[in-house]
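Please take a moment to turn the model around and look at it from several sides. Then let us walk through it together.

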Amino acid sequence: DAALYPAALYPFETLALNGGKGAERGMLQEILGPHVKMRWDSWVEINPEKAREWGVADGALVWVESPVGKVLARAKIYPGGAPESVGMPLGLGRRAGCGPANGRGANPMEIISVEHDSLSGAASLCPVSVKVYPA
């Protein structure tokens with residue numbers, strides 16, 4: 001329902017974490033999101049127009065909610081994002097193990113109902129409808 005979930009969530013890989021493979025390296029956490037000045041934590045990139053509409057301030061904690069669940073992340077106002085979409089980095093939000101990545105950030109995969117491509121069997125990371133609101 002577009003009225004209930006007005007944005008499309010696009011999970012993306014950062015160069016530093018390479019989809020999560022580099023999350024246990026503190027040095028890579030330090031250079032995580034230079035374009036939004038973020039490190040050691042997850043964020044959700046929001047177009048400035050939508051951030052105003054949703055009452056979200058830069059750096060504020062927000063809920064990103066889908067029909068499957070919700071995760072907590074920092075809002076980063078990012079003019080490079082389309083108004084109809086939000087983006088979250090992959091590779092954070094680990095809840096098990098040890099090392100610097102454990103317990104840091106949010107995993108956008110927790111709120112995506114993963115469907116599989118019928119030909120390859122690979123996970124289809126099509127955008128999922130979400131709403132974003134202040135925590």
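In this predicted model, residues 24 or more positions apart account for 64% of those contacts in the protein chain that have a separation of 6 or more. With that in mind, let us see which elements the chain is built from. There are two helices and eight strands, and along the sequence they follow the pattern β-α-β-α-β-β-β-β-β-β.

How do the strands come together? Six strands close into a barrel, in the order E1-E5-E2-E4-E3-E8, and their pairing is mixed. On average, neighbouring strands of this sheet are turned by 45 degrees against each other, direction ignored.

On one side, E1 and E8 run antiparallel and are joined by three bridges. Here Leu9 stands opposite Val128, while Ala7 has Val130 as its bridge partner. E8 also pairs with E3, again in the antiparallel sense, over four bridges. In that pairing, Trp63 has Tyr133 of E8 as its bridge partner.

Now let us move to the interior. In soluble globular proteins, nonpolar side chains tend to be buried together. In this protein chain of 135 residues, buried residues make up 39%. The largest nonpolar core has 20 residues, and Ile46, Val64 and Val86 touch the most other members. Strands E1 (7-12), E2 (43-46), E3 (61-65), E4 (70-77), E5 (85-89) and E8 (128-134), together with helix H2 (48-54), each supply at least two residues of this core.

What does Ile46 touch, leaving aside its neighbours within four places in sequence? Its contacts are Ala51, Trp54, Val56, Ala75, Lys76, Ile77, Tyr78, Val86 and Val132. Val86, one of these contacts, is also among the core residues that touch the most other members.

Next, find Ser42, in the loop between helix H1 (26-30) and E2. Is Ser42 buried or exposed? Ser42 counts as buried because its relative accessibility is 0%, and buried means under 20%. Leaving aside neighbours within four places in sequence, Ser42 is in contact with Ala73, Arg74, Leu92, Gly105 and Ala106.

Definitions and conventions:
Residues numbered from 1 in each chain as written. Predicted model: local features only at pLDDT ≥ 70, side-chain atom pairs only at ≥ 80, totals over all residues. Heavy atoms only, no water. Buried < 20%, exposed > 50% of the residue type's maximum accessible area, 1.4 Å probe, protein only. Contact = heavy atoms within 4.5 Å. Core = buried A, V, L, I, M, F, W, Y, C linked by side-chain atoms within 4.5 Å. Pairing = 2+ DSSP bridges. Axes fitted to C-alpha atoms, helices over the stretch in contact; angles between N-to-C directions.
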